Amino acid sequence: MDRDWELFLLPYTQTVNELKVKLKGIRTSYQLSKQHGPIEFVTGRVKPVNSILLKSRTRNISLEKLETDMEDLAGIRIMCPFVEDIYDVVDLLKNRHDFKVVQEKDYVTHKKDSGYRSYHLICEYPVQLIDEVKYILVEIQIRTLAMNFWASIEHSLNYKYQGEFPHEINLRLQKAAESAFQLDEEMSTIREEIKEAQSNFRFKDGKSSIE
Ligand code: 0O2
């Protein structure tokens, strides 16, 4: 099929750009209000055409059905400082009125066999085009910095080895996934201690409200 990819992907580009602005706005609001922010940073991308073609072949997705069957043509990634923040971000996104969550996959509690951990929301985002509103599916991945570090390295190795990891590398990746998990656990403990110390400090300071 002879497709004008630039034209086809234009609403996806607009969706990614609009969502990035909105999510970065949330991050700035937290910064300005001096509250703990659950968002560390946000990235976004439109799937490159070669990856679309590869995924359509490997997953047997017809090019005619890309809009409905390939949910990550538009992709947003939200990185959080702590695991607990992931669930706060999920709640925050589910309560928004400018898009609808249509599916969720919790690979944080139920990690993938590869060791991959992340929370995925598939959302339906209405994007205003010249003379119509188009409903675009977008995959939002929410993960900690440690989960992101592991996933980025695993993704580039996957590209290099085409998914056929040598046994030794597979073992190391599993060990690294476990270490990333433990790092997140450790940081959560520190987070709790910081929160406790802050409450004690406020209490000693003579203030009546303890957050
Ligand atoms: P890219 O290059 O990141 O865009 P299904 O298993 O059929 O329910 P599907 O469609 O694979 O679902 O979606 P899933 O499992 O939610 O994963 C989609 C995306 O999550 C992937 O996109 C990756 O970005 C990420 N992901 C999932 N599993 C892994 C993993 O084991 N390692 C890493 N590094 N990332 C993972 P793409 O299209 O594969 O790739």
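Colleague: How many helices and strands are there in the chain?

Modeller: The chain has six helices and five strands. Keep in mind that this is a predicted model. Starting at the N terminus, the elements go α-β-α-α-β-α-β-β-β-α-α. The C-alpha trace spans about 70 × 55 × 20 Å along its principal axes.

Colleague: How do you know that the span of α1 is close to the one expected?

Modeller: Take 1.5 Å times one less than the number of residues. Helix α1, residues 5-32, has 28 residues, and the expected span is 40 Å. From first C-alpha to last, α1 reaches 40 Å.

Colleague: Which residues of α1 are called buried, and what do they pack against?

Modeller: To be called buried, a residue needs 20 or more other C-beta atoms within 10 Å of its own. In α1 the buried residues are Leu9, Pro11, Tyr12, Thr15, Val16, Leu19 and Leu23. They pack against the strands β1 (41-46), β2 (74-80), β4 (119-128) and β5 (133-144). Over the whole chain, buried residues are 25% of the 211.

Colleague: Why is lysine 34 called exposed?

Modeller: Count its neighbours: lysine 34 has 7 C-beta neighbours inside 10 Å. Exposed means 12 or fewer, so lysine 34 counts as exposed. Lysine 34 sits in the loop between α1 and β1.

Colleague: What makes the phi of lysine 34 worth a look?

Modeller: Most residues other than glycine have a negative phi. Lysine 34 is not a glycine, yet its phi is positive, about 60°. Asparagine 60 is another case, with a positive phi near 60°.

Colleague: Where is asparagine 60, and why does it count as exposed?

Modeller: Asparagine 60 is in the loop between α2 and α3 (66-69). With 8 C-beta neighbours inside 10 Å, against a limit of 12 or fewer, asparagine 60 counts as exposed too.

Colleague: Which residues have the most contacts inside the largest nonpolar core?

Modeller: Those are Ile78, Cys80, Ile86, Val89, Val138, Ile140 and Ile142, in a core of 33 residues. The elements giving two or more residues to this core are α1, β2, α4 (83-94), β4 and β5. Another core, of six residues, lies apart from it, and Ala146, Met147, Ala151 and Ala180 are among its members.

Colleague: What does isoleucine 86 touch?

Modeller: Leaving out residues up to four places away in sequence, isoleucine 86 touches Cys80, Val108, Tyr119, Ile142, Arg143 and Thr144. A contact is called when two C-beta atoms lie within 7 Å. For the chain, 62% of the contacts with a separation of 6 or more join residues 24 or more positions apart.

Colleague: Which residues are around the ligand, and which element supplies the largest share?

Modeller: The shell is Lys47, Ser51, Lys55, Asp72, Lys105, Lys112, Ser114, Tyr116, His120, Ala151, Glu154 and His155. The largest share, three residues, comes from α5.

Colleague: How many charged residues does that shell have?

Modeller: Asp, Glu, Lys and Arg count as charged. By that rule the shell has six charged residues, along with four polar and two nonpolar ones.

Conventions: Residues are numbered from 1 along each chain as its sequence is written. This is a predicted model: local features need pLDDT of at least 70, side-chain atom pairs count only at pLDDT 80 or more; totals for chains, interfaces and linings use all residues. Helices (H or I, at least four residues) and strands (E, at least two) are DSSP runs, numbered from the N terminus. A residue is near a molecule or strand if its C-beta atom, placed from the backbone, lies within 6 Å of it. A nonpolar core is a set of buried Ala, Val, Leu, Ile, Met, Phe, Trp, Tyr and Cys residues joined through C-beta atoms within 7 Å.
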